[in-house]
Amino acid sequence: MTCQVTKRCFYWVAAVLLLAATSNGLFGQMLYVGNFADATISAYVIDQESGILTEILPRVATPGRPTSVTVHPSGKFAYVTNGGDPAIGGPNLAAFSIDANTGALTLLGSAPVTPGSSPQSAVVDPSGKFVFVAHQGANNVSVFSIDTLTGAVSPIQGSPFATPQGPSSLVVHPNGKVVYVSAGGAGQIAAFNIGANGALTPVAGSPFAARNNLFWMAMDAAGKFLFAVQRQQNGVLVYSVNDTTGALTLVMGSPFPVSGAVAGVAVDPAGKFLYASNVGGTVHGYRIGATGALTPIPPGFYPAPFGAFAVILDPSGKFLYVPAQQSNVVGGYAIDADSGALTPLPGAPFPAGVQPQRGATVLLTPPVIPPISADSALSLFSHALPGMPNAAIAQGSRLAISGKNIGPAAGVTSDFPLKTELRGASIQIQSGDVTTAALMIYASNGFVTGVVPSTTPLGDATVTVTYKGRMTAPLPITIVKTSVGIRTLNGRGNGPAKAWTVPPDTVLRPDPSILQTPNTLNQSAKPGQLVVVHATGLGPVTFDETQDLSQELGVPADVIVGNKLATVMYELGATWGTDYIVFKLPADAPEGCYVPIAIRAGGVTSNAASISVSATGGSCSDATGLAASDIDAAQKSGQIRMGTILLNHIDFAQFGADDEAAGIFARYDFNALLEGFSPGNNGAGIRPAFGTPPLGTCTVSPGTPTITSRLFDLPSDQTPFQFLNAGPALNLSGPKGTVQLPAPSYYVHQHDSVITPGDYTVDNGTGTQAVGPFKAVLNLPPMVTWTNKDDLAFPDRTQDLTVTWSGGIPDKEFALIVGLAVSNQVTAGFLCAEKVSAGRFTVPAWVLSSLPASDAFTDGDQILPGGLLGVGTAPLTSVGRFTGPGLDFGVFTYEQATVNLVYYR
C-alpha cells in the first residue's frame, strides 16, 4: 500500500499506532491479561498462524489488583492499572518493560494514584508521550507523561482532571487529539481535547448523553464511530465522530441489543465487524454498516466461557480473545474475514489466573517463537494421572501427550502404514540405553498420540516429543505389559463408555460392520445382552503394528458391571493400539443410566466408566436422576433445559459443619447430554464429580492433580452447556431464615449449621425471559447416623470395607457412601449408592484399590490425614421435582453426610 502525505493518511497511520497502544485491538504476537484476584499478569505468545496461546510461566506479580493492561506504541513497555490492596499495594499505575526476545514482563516501578480511586483502565496516546488513567472511585482521569527511553511515568501539571460520575473506559481518537471517557454512574460519555502537554479540556458539547451503567468502549481504526456497551438496556450505543471537533452524535437505532449482561466490546481493524461479550457466556457479532448501524452476524452469538468479561482483537483481523472472570480462562476464536463468523481456536479456552481482566496485545520484531513443552503423558483412554494405581502405560497401547506447540496447528491423523513421524511430530520413549519411536496416530499443536510398540522394554522410562527439530523436556513413565483404559464419550476417562450392544448370534469379532448400535442414554443395553467396549492396554500384540490388523488376545480379565462380574466372551487387540472387549451382561445386572463398568487385568483396575442398562432397551431411567421420559423428550427437542437447586450439609468430625446452597440453570444440547456424567451439576456437594450410580453399586473418579490449598477437591462435570439466566437472585427460605443466592453463581457458603432439618422454599421472583417464575419446595429430614464411624480410621485398600448406619426415610431418600484419597500427586474418590433401609454397605476392594494411598498434610500445628470417608443421604428425584416456564427438568435436592478424616493404606 502506498500512502500520500495527506490528512487522511495521517489518520490511518495514527490509527495503526493507536491500535498498538489500546486494549481494544492490537497487533498479535504477545497477549497480556491481568488476573485481579491473583495480582498477576499472564503473558501469552500468540501463534500467528493458528492464534493458539502459549502462556509464559510463572506469571508476573503486579503491585495491586490489576484491572487493565495497555501497551506503549514502541512495544517496549506495558502499563497496568492496579486497584488497592493493603497486603500488596495500590492503587497505582505500574510500568513494565517488555523483553523483545521472549515477551516477558519486568516491573520498572509504579506511580501512586489517589487512594480509593479504583483505577479501571489506561490508554496511551498514539505519540507514546502520555498515558491516561480513569478513576471510577474518584470521578477523574489522571494523565502521566512517559519517558520514551525508560518507560517511567510522572503526573503532568494539573492532573487529575474531573469527569462525570463513574469513569471506567478510555479511548483515544486515532488523530491523538481527543480522549473519550465512559462515565457509567452519570450515564454520559465525556470528551476531552488533549493539549500539547497532555492537559485535558472539555470538547464543546461534552459530556454527551449515553445510558446508565456504561461499561467498555471501542473505536474503529478510522475514528469514524465510537461504540459503548451499557447494561441499562444491555445494548451497544453507536456514535458518529466529528473528526474535526471530536463531538459525538448518536447513530439512529442505538442501542443495538445484546442479550445477557453485556461487558466487553471490540472492533476489527478493517472496521467491518464489532464483537460484544456478556458474562453469561456468549460473544455477539455484528456487521458495521456505513452509518455505524449494527446488523447481527448469523447465528447472532457464539458460546464463550462463563463470565466472558472483555474482548481483545488481533488487528490482523484473524483472532479474537475473551478473558472470562468466572471461568479463569481466556477464550479464543478465529474470525472469518468475509462473514465475521467465529470458530473456536484449537485448545481454547486457555488457562489464566484467577479473575482475568482486560488485556492488550503487541507485535515484537522479530516474532517471539512460542516455547515447546510436554505437560503430561497418559494412557489415552483412562487419562490416569501419575500417582494413580493404573497410571502405567502398557505395551501396544495408545499413549497421549498434552503440551504446547508439539505439533501442527491444524490436527492431522495418520494413515496406514503408520510411521514414526507425522507432519514433523514424533514421540521417543527412552528405556535405559534403548530408544523406541512410537507409531504416530494424531498430531496437533497441543496434543499428540501414538502407539507404544509392543516390543518397548518394560520398566521405568521417559518420553519426549520432537516437533520441527525442537524437543520437549522428558516426562517419566512406566511401561508394563497390561494396564487397561476404557474409552469414554467425553474423552476424559469418566462418564459414559464408548460401547455398543450386539445381537446374541453375532460372530464375536467386533469390526465396524457389527458395531452399529451405540450404548447411549436413549439406547440402553438389556440385562443378559452382549456389549462391546472400546479400550486400550490389554497387552502386546505380535502382528505388524504399522498395518491395519488385529488378533485375539486371550488375556485373563474381569469385567465388573456394577458390583457384579460379567462373562467375558472375546478380546481383540486391533490396530492403532486399541482393544475391543466383548462381554455378556449378567441377567441380574443393575439398571440405570450410569451403571459403572471397570476392567481388571494384570492385577490393576481400569478407569471406571458407565453404560446405560434397562429392561426395555430404550431410554434408561434413574430414580436418582433423569427419568426415561425426560430423555425421550430431550431427544425429540434436541435439548434439555435443567434447573437444579442443592442444599449441602456436611458434618466434619474434625472441623464441624460446612453448609452450601447452590443452583444452576443450564441448557444442554442432546448430544452433549449423552456424553455427560452428572447433568445439571451445580458445583457443590458430592455428586457433581460423579454420575450417581444405581443403588447397590459404586463408581470411581479418574483423579485430579492435588492442590494443597484446596484439599479434597474433585472437578465437577465439564460437559458443555449454555447458562440460563434465572434472575438476579434465588430466594431461599428455611428454618434459619431467608438468604439470597445472587446471580450469576447462585451460590452461598457457610461454615456453620445454617442448613438444618425442616421445610425449605426457593423462588426466583418474577423470573426472566429464559427462565420464568417458579417456586420449589423441599423437606429436609434428620440426618442418618453413621454407626461404625470410629472403627474405620485406617481403610485397607486391598480389602472390602463395610459401613453401617441407622435412620433415613426409605421411600424418599437413598444412602451415599463417599471416599476421597489425597496423595502428594493426585486426588481420587469413589461414590456408592444404596437403599437407605439396608443400613449397611460393603465397598468392594476393587473400588478402594483404584485410589492412591493417602499422604499426611499439615494445617497449622495439625497433621491431617489425606483421606475422607463419609456416609449420608440424598433424596429420590421425585421428592423435590418442580416445574417452571423455560425448564424441561427442575429438581430441588439435598445432600447431607457425616464425614471423617482417614488414612487410606
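Modeller: First, a term: on a 1 Å grid over the protein atoms alone, a cavity is a set of points where a 1.4 Å probe fits but cannot get out, and lining residues have an atom within 4 Å of a point. Grid points are joined across faces, edges and corners, and a volume is the space filled by probe spheres set on the points.

Modeller: Also keep in mind that this is a predicted model, where local features need pLDDT of at least 70, side-chain atom pairs count only at pLDDT 80 or more, and totals for chains, interfaces and linings use all residues. Residues are numbered from 1 along each chain as its sequence is written, and side-chain values use heavy atoms, with hydrogens and water left out.

Colleague: Got it. How many cavities of 30 Å³ or more are there?
Modeller: Searching the whole structure turns up 8 of them.

Colleague: What volume does the second largest cavity have?
Modeller: About 120 Å³. Its lining is made of 15 residues, and those nearest the centre are Gly495, Ala608, Phe677, Gly691 and Thr699.

Colleague: Which strands supply at least two residues each to that lining?
Modeller: S52, S54 and S57 do. Those labels are DSSP runs numbered from the N terminus: helices are H or I with at least four residues, and strands are E with at least two.

Colleague: New topic: disulfides. What are they, in general?
Modeller: A disulfide is a covalent bond between the sulfur atoms of two cysteines. Here the test is a pair of cysteine sulfur atoms within 2.5 Å, and the whole structure has 2 disulfides.

Colleague: Which cysteine does Cys593 pair with?
Modeller: Cys593 pairs with Cys620, with an S to S distance of 2.1 Å. Cys593 sits in strand S52 (residues 592-601) and Cys620 in the loop between strand S54 (609-613) and helix H2 (628-637), so this bond ties together parts 27 residues apart in sequence.

Colleague: Are those two cysteines buried or exposed?
Modeller: Buried, which means under 20% relative accessible area, while exposed means over 50% and partly exposed is in between (1.4 Å probe, protein chains only). Cys593 is at 3% and Cys620 is at 0%.

Colleague: And where does the disulfide of Cys698 and Cys832 sit?
Modeller: Cys698 and Cys832 have their sulfur atoms 2.1 Å apart. Cys698 is in strand S57 (residues 697-700) and Cys832 in strand S68 (residues 826-835), so the pair links parts that are 134 residues apart in sequence. Cys698 is buried at 0%, and Cys832 is buried at 0% too.

Colleague: Why is the Cys698 and Cys832 disulfide called right-handed?
Modeller: Because the torsion about its S-S bond is about 105 degrees. The Cys593 and Cys620 bond also has a torsion of about 105 degrees, so that disulfide is right-handed.

Colleague: You mentioned H2. Which of its residues are buried?
Modeller: Asp630, Ile631 and Ala634. Looking down the axis of H2, these fall within an arc of 95 degrees, so they line one face of the helix. That arc is taken from the directions from the helix axis to the C-beta atoms. Ser629 and Lys636, on the other side of H2, are exposed.

Colleague: What covers the buried residues of H2?
Modeller: The cover includes S52, strand S55 (639-652), helix H3 (670-675), strand S73 (881-882) and S74, where contact means heavy atoms within 4.5 Å. Just after H2, Gly638 has a positive phi of about 85 degrees.

Colleague: Let's pick a residue in S74. Where is Glu895?
Modeller: Glu895 belongs to strand S74 (residues 889-901). At 3% relative accessibility, Glu895 is buried.

Colleague: Which side chain does the side chain of Glu895 make a polar contact with?
Modeller: That of Arg687, at 2.9 Å. A polar contact is a pair of N or O atoms within 3.5 Å; within protein, one must be able to donate a hydrogen and the other to accept it, and residues adjacent in sequence count only if both atoms are side-chain atoms. Not counting residues up to four places away in sequence, Glu895 touches several others, including Leu646, His649, Pro688 and Leu816.

Colleague: Last one: where is the cis bond to Pro58?
Modeller: The cis peptide bond joins Leu57 and Pro58, with omega about 0 degrees, and Pro58 lies in strand S3 (residues 53-61).

Key
On a 1 Å grid over the protein atoms alone, a cavity is a set of points where a 1.4 Å probe fits but cannot get out, and a pocket is an open set with protein on both sides within 12 Å along at least five of seven lines; lining residues have an atom within 4 Å of a point.
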